[in-house]
Amino acid sequence: MAVLPMKRVLICALKKDRKPILELLQRMSVVQVESSGPEDEVFAKQDRSEAKTAFQKNADTAQKALELLDFYVPQKKTLAEKAKGRQQVSVEAYEKQTQKRDETMQVCRKILALEKERAENAAKIPKLDSQMVSLEPWLSYDLPLDCDGTGKTTIFTGTLPNEVKLEEVYRQLGEHAPQAEGVDAEVISSSQEQTCIFVVCSNKDAPAVQGALRKMEFAKPPLTAVNPQQAMKELQQQKAELQKNMDSFVQQIKDCAAQRADIAFAVDYFHVRAEKYDVISQLSQSQRTFVLEGYIPAQNTQKLEARLETSFDVVVEYADPGEKDDVPVLLKNNGFAEAVEPVVESYSLPSKGELDPSMLVACSYYVLFGMMLSDAAYGLIMLIGSAVCLKKMKDMSDSLRKTLKMFFYCGISTTVFGFLFGSFFGDAVNVIATTFFNRPDIKLAPLWFEPINKPMKMLVFCFAVGILHLFVGLGAKLYMCIKNGHPLDGVFDVIFWYMLVGGGIAFLLSLSQFTTMMGISFTIPAKAGKVIGIIALLGALGIVLTGGRESRNWGKRILKGLYSVYGITSYLSDILSYSRLLALGLATSVIATVFNKMGSMIGNSPAGVIVFILVFLIGHTLNLAINALGAYVHTNRLEYVEFFGKFYEGGGKKFEPFAAHTKYYKIEEDN
């Protein structure tokens, strides 16, 4: 377990080499660039935000074009192809491919323009549909709807609300325009919502008829220069033309699918360039030189220096970080412990002077997770599934790889505890043998005991694991006190608590009433119990005298010490928290057993087999998903609250090197 030591690095080189040097640093991904010092009359910084924005805009354009291709021409990939991850490309191939970037961007802009045209055409169709719907009631009308009459007559065409009979039209016209003579009306069509009418009258009666129609809530239809049938045909032709154009635009987009790989490369290329220009803005530059400052893991210093000095006229200097420097944190662990680095990072990276708790977390995390899930079949599923993913997905992100590793080890632990407790899909072995083979004697015997039959024994085991977990946390604190040159603090804050808590527990084990109640098969001899009790009291006394040692006033010191002793209640609370190991372990087993029972209720028949398989698959899938999630959450809780609470504070800043954060291609750096 280690926090990698960091060095401050300063690189000074000629400005003409700035581009290749930055690209080399980006590919090596070993330097976290920090903004250089203040500007003066020689060195100044260049604001390249405009160029960065332009590159990012190109990357976004290419990304949108790629998404359109994926929408219109989706790629059918096998699981193995999906798991392949980013495609690796050599530096030489990368440089060659960049020559096509302008041509590729033209294709991207063409795709976006075609999509824009398609969208605009698509937006016109609803309007045409609306016009056609409004014309449908007028299809039997043989005059243009904008025809308003002849030399001596006036024509009114429009709609009245609701369904109105022709007699009613005449009645209302007579009522509202009694002076009008020679008025003729016709109902073109009618429905519950509206009635389309045609009214003709002499020009001299037109004002009176118009006033009468207004009182009848008369509304004009959509005006057309041709009769409605002809207008409908024209609208249908327009719609067909729009649809044809849309199909053409989509086909042209599909024809661009051949450039999909180039477009994906353009996304990565412009994104990488945007990141590079972000760094350029942080450099101090003179007329002919530039200076780059940052942090680098000490183990990479020689490699970086060799690579730079081999190819460029450059000065590379390293220095130890100062006390006030906010040094970024990079963890380095073996495969067993690095799997839980995301768990540690989710809480907080270690701050300056703290140890990396990854190995301690790994040792306890897998055990606690396995105890909570504790089913051999579920463990094997997790183990095999994560192993296959790790094998097939070679180029996954570091974070995902570590998480899969964590579930791989959790799967091993779950399998082991499953066999220890005799659970394989709950009691599936016995249920299947009894229901379908009439062999109730066949079952998976536990290698240790069945928690569901001996819950008190399991509870004691959980408490024992919890006490060990907490004591390891205290041990880590003792180690850090000694490492940081404060051994007495280790005695006051750790050893005394070992004496008090450990002595108190051992004293309880010397009481036969306690061991009988807990179902423990042994009792510490009474004489030894007395000695242990005295040790516990000495520990309590030590805490009283030293718990408030930062105070010079002895009165305050004793009061603070007494308050510190009160903290033993938090230890009791912490130990009780580990009872969740029992609760979740039993929940997994009981739910699995219930699903097995439900599936076997129909008995040994063809229908019974089908029902059992369905219930088995659905039930155990749900049980695995829910309880694996529960085990993950509660294991994190035990690590973060109970374990870290004893020694760990965190607060470190993550090391984030200048790198090529690509999505589709991975540039292989030559070694």
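Q: Which residues lie nearest the centre of the second largest pocket?
A: In this predicted model, the second largest pocket has a lining of 24 residues, and those nearest its centre are Phe463, Ile467, Ile505, Phe514 and Met518.

Q: OK, the largest pocket then: how many residues line it, and which lie nearest its centre?
A: The lining of the largest pocket is made up of 41 residues, and Ser29, Leu330, Asp398, Pro657 and Ala659 are the ones that lie nearest the centre.

Q: Which element supplies the largest share of that lining?
A: That is helix H15, with four residues in the lining of the largest pocket; the elements that each supply at least two residues are helix H1 (18-28), helix H12 (341-347), helix H15 (398-421) and strand E12 (665-668).

Q: What does the lining of the largest pocket have by class?
A: Its residues are 15 nonpolar, 10 polar and 16 charged.

Q: Switching topic, at roughly what angle do the axes of H20 and H21 cross?
A: The axes of helix H20, residues 526-546, and helix H21, residues 554-566, cross at roughly 135° and come within 6 Å.

Q: Why are they called oblique?
A: Angles over 145 degrees would count as roughly antiparallel and those from 65 to 115 as roughly perpendicular, so H20 and H21, crossing at roughly 135°, are oblique to each other.

Q: Which residues meet there?
A: From H20 there are Ala540, Ile543, Val544 and Leu545, and these meet Trp554, Arg557, Ile558, Gly561, Leu562, Ser564 and Val565 in H21. Sorted by class, the residues of this contact of H20 with H21 are eight nonpolar, two polar and one charged.

Q: One last thing, is Thr104 buried or exposed?
A: Thr104, which has its place in helix H5 (residues 101-135), is buried, because its relative accessible area is 5% and buried means under 20%.

Q: What is Thr104 in contact with, leaving aside its neighbours within four places in sequence?
A: Thr104 is in contact with Asp262, Ile263 and Ala266. The C-alpha atom of Thr104 is also separated by 9.4 Å from that of Arg260, although these two residues are 156 residues apart along the chain.

Conventions:
Residues numbered from 1 in each chain as written. Predicted model: local features only at pLDDT ≥ 70, side-chain atom pairs only at ≥ 80, totals over all residues. Heavy atoms only, no water. 1 Å grid on protein atoms, 1.4 Å probe; cavity = no way out; pocket = protein on both sides within 12 Å on 5 of 7 lines; lining within 4 Å. Nonpolar A, V, L, I, M, F, W, Y, C, P; charged D, E, K, R; others polar. Axes fitted to C-alpha atoms, helices over the stretch in contact; angles between N-to-C directions. Parallel < 35°, antiparallel > 145°, perpendicular 65-115°, else oblique. Contact = heavy atoms within 4.5 Å. Buried < 20%, exposed > 50% of the residue type's maximum accessible area, 1.4 Å probe, protein only.
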